[in-house]
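Student: Please give me a close look at one part of this structure, and follow it into the elements that belong with it. I would like each term to come with its cut-offs.

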Amino acid sequence: MSRDTLLSPALLARLERLRLQARETPSLRGGSRRTRQIGTSIEFAEYRPYIPGDDLRHLDWRAYARLHRLFLKTFLDERDALLYLYVDVSQSMAFGGKLHLAQQLAAALGYLALAGADRVEGAVFAEKVLARTPRLTGKPSAYRLFETLQNIHAREFGEQGTLSWLSRGGVPREPGLVVVLSDFLFTDGYVESLRRLQTGRNQVVVVQILSADELDPAFAGDLHLIDSETGLGRDVSISPHVVQKYKLAVSQYTAGLQDFCRRRGMHYVLLSAEDSVEDAVFRRLMPTGVVSG
Amino acid sequence: MNFLSPYMLFWLATLPAIVALYLLKRTYENQTVPSVLLWQKLLREMEANTPWQKLRRNLLLLLQLVLAALLALALARPALTSFQGASADHTIAVLDLSPSMAVVTGTSGSQTALDSAKTQISDLLNHLSPNQRLTLISMGREARVLASSNDRAELQRALDQATQEYGKADYESALSLAAALSTQEPTSDVRIYSDGNWGLDPKLYPHFGRPPQLLQPQPRGKNASIRHAAAVDTGGHTALVATVENLSDEVNSLDVQIQAADGTILQANSTLLKAKEQIALSWSDLPSSDFYRVMIEGTDALAADNLWIVLPERTTTAKAWLVTASNQGNVFLEKALSLGNRLSVERGTDVESPPKDAALYIYEGVLPKEWPTGSVLVVNPPADSTLLPTGASVEAGKLQVLKPDAALLQNVDLTNLHLQTVQPLRGAPWLEPLVKSGDTPILLTGEQGGRRYAVLSFDLHQSDLPLLPAFPILVKHLREYLLPTAGSTLGQVEVGERMALLPPIRENGWTYTDPAGGAHDITQEVIEQGFRPTEPGLYKFQSKDGNAQQLLSATVPASESVVTPTLVSLPSVGRSEQAPAAADPVGGLEIWRYLAALILLLLFVEWGVYKRGI
């Protein structure tokens, strides 16, 4: 699989013009991202009197020549951002192209972050984190990210998707922008895990991807519905009335997640697996302010 | 509620079939979904909101079972009452009018089996659809089609006109008639309203197109009957014997009463009869009466056989006066006349001075100048008489019986009669010839001036008639013809039997009173065809002036006293399976239409359940 199948070159070109709107994070590395801290960028911040011990290189000798007082010239600091891409690869993501959209979206976000001189760390999870890329920097390393993303497959039957590993020390030590790509159909819920993530000073973006069948089931008759992950069965006689009730339940569930995110200051995006990655980025993510042009 | 096509209930067998289909089908189709999380949530919610959710799964099944059951019920054509309407296009109703149908049925009142049969037919008529036809056949004295139509009014009129008869019924003809109609139209239905006591040989039953339906009455109470009764009056003292029979299957206590003509009770006996027992009761020294009523008192299933009018036989002897030309008498004639001790024959010598008290005057070879007061038998009339002028003797010719059915010639075989000469009568046109020898009448009878005459116009000594076996019979007939008023009784007959009216009743102006008290004229038709009593009891015949009266006792045929229905299986040419089949919908009493409407409604409900899932 070449990287073109994930993202078209035209899309890559468009993505280069975008930037992640990450909140200021206490990064120790320099980058292209201006911060309010005093640092080493070329952007002037202010003058301040010299205090012994300050770096003599930052003294404004011209001012000393005129005023015979020592002033220190300070500049704003430029740091990079850290983007975590968590992709759910549990069995449930294998349906209706959910995983493919997640891969594409992760690639797109990763690429635009790398293009913006930010660091990117990708991870796939099901019951726990299954694989992790090293922290990537620089546009050329996007290739590695793409390669990793292309090679992920949905897990086998029997493995449940969950976020509980976040509560078990899975929260990254270095805070950053965390994008979770999943269907969020976790039997053990998401509230506690997302809260943990936020407590780790991470900026959280929840991307819920649901397939068309989940949003509007096209089944009919008496069905024995089998859970793809747990194998749990449920007998349902599908009738228009039941379908209507189901749709109501789906919208209640997504609305519950959205409400949770809104109250906690997280970003929330609901995507249908049928959406194209362009739509997902430009129509859904951009309005939320996670990326900007 | 009953079912007109009960065999259609076999469709109820579809119920287990539906259940079986459900059991087979109920395996849910496997469908793997990413997650059942939301479905689980939904199911929990639905179960919480609708507690009957578990039932719902089977609601379609239940509805289908109810539908199938209702369909089967509707096919079985339930009717709301026990009334069974006519199902065939053509219904042949045979209505028994015989005396046994006068038996009392039901729990109260005096409704007879015939009444209830008529009510049933009337019901049948009222529920006849316009394209159905009904033929009403009477099973009475004669089998007759009373009406055959699809017009209710006409059929009802014919039904109303069918009245109880008390004579012997012609069962065989009625059955044959119905069978013939039924075989002509194999789809027709035959219903026989009768008790089945027909006394026919089962081998002789006609074959019907389809097995007929026999609707038998259920008699109330026990029946006892007077089988026979007779009385002899020997000069003021009457001895009476009566046979009574208990026809029921239980012991029956009978009160037998004897009444005189004026209604006074002469005797009353109480007897206990075992089941089917028949006993003879006898009484003697009863006071003399014109007739006696022997009756079984109390309630009884069939009233018609509880009365027997006994006309006592009187043993008084009449006197006959015989005068012959030779004054030697006629031994043959005298012997023959005095047979049975009914007549004492006295020889006379002077033809012109007959005794006044004789009932019959016999002249052989001689004739007086004028007729005496009684009946007259003339044998070999003399040539010189003015009363009966005769011509010269002629040779006997070929014997010719002119009226073979005359009462006088019954059982009289004259084929071997040989005569030498015959005296041809001149004049006396009131004499009617019965037998001729050649062209000359040899036996003539007639009435004139209120008395009867018989003439044998040949010499008995010149013939072999006295040697023939027919002679005493002929003489007895002559005696009965000439002395019909030996007593004032006509005798006893069964209802419906034809009885020839003999002189003097044949005269003008006689009337009769039937047992119910209605007075009727004796018409010419009755005289010609004979009198037939129509109900049991006493018939009184009266002359115009009221001086002469004759009595006739009519009784119900003994075989009709059996009122317990007999199980009869009538043969049919058709297969018995097709019997009540091929039934078209009839009658407003059926409720399958309502069931059909209900089924339609349930179908909508089922559709809704299927579509909406409750």
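Tutor: What follows starts with the meeting of the two chains and then turns to elements within each chain. The model is predicted, so local features need pLDDT of at least 70 and side-chain atom pairs count only at pLDDT 80 or more, while totals for chains, interfaces and linings use all residues. Residues are numbered from 1 along each chain as its sequence is written, and chains are lettered from A and ligands numbered from 1 in the order in which they are written.

Chain A brings 31 residues into contact with 21 residues of chain B (contact means that the C-beta atoms, placed from the backbone, lie within 7 Å). On the chain A side, strand S9 (221–227), strand S10 (233–238) and helix H9 (240–264) each supply at least two residues (helices are DSSP runs of H or I of at least four residues, strands runs of E of at least two, numbered from the N terminus). H9(A) gives the most, with eight residues. By class, the side of chain A that touches chain B divides into 14 nonpolar, nine polar and eight charged residues (Ala, Val, Leu, Ile, Met, Phe, Trp, Tyr, Cys and Pro count as nonpolar, Asp, Glu, Lys and Arg as charged, and the others, Gly among them, as polar).

S9(A) is also joined to chain B by strand pairing: five bridges link S9(A) to strand S2 (residues 29–33) of chain B, and the two run parallel (strands pair if DSSP finds at least two bridges between them). Within this pairing, A:Leu225 has B:Gln31 in S2(B) as its bridge partner.

Elsewhere in chain B, an open sheet of four strands has the order S13-S10-S9-S16, with mixed pairing. Its edge strands, each pairing on one side only, are S13 (278–287) and S16 (313–314). S13(B) pairs with S10 (residues 237–246) of chain B in the antiparallel sense over eight bridges, and B:Leu240 stands opposite B:Trp283 in S13(B).

Within chain A, helix H2 (residues 9–16) and helix H4 (residues 98–115) have axes that come within 9 Å and cross at roughly 50° (axes are lines fitted to C-alpha atoms over the stretch in contact, with angles from 0 to 180 degrees between N-to-C directions). H2(A) and H4(A) are therefore oblique to each other (under 35 degrees is roughly parallel, over 145 roughly antiparallel, 65 to 115 roughly perpendicular, and the rest oblique). In this contact A:Leu11, A:Leu12, A:Leu15 and A:Glu16 of H2(A) meet A:Ala108, A:Tyr111, A:Leu112 and A:Ala115 of H4(A), a set of seven nonpolar, no polar and one charged.

Technical notes:
Two residues are in contact if their C-beta atoms, placed from the backbone, lie within 7 Å.
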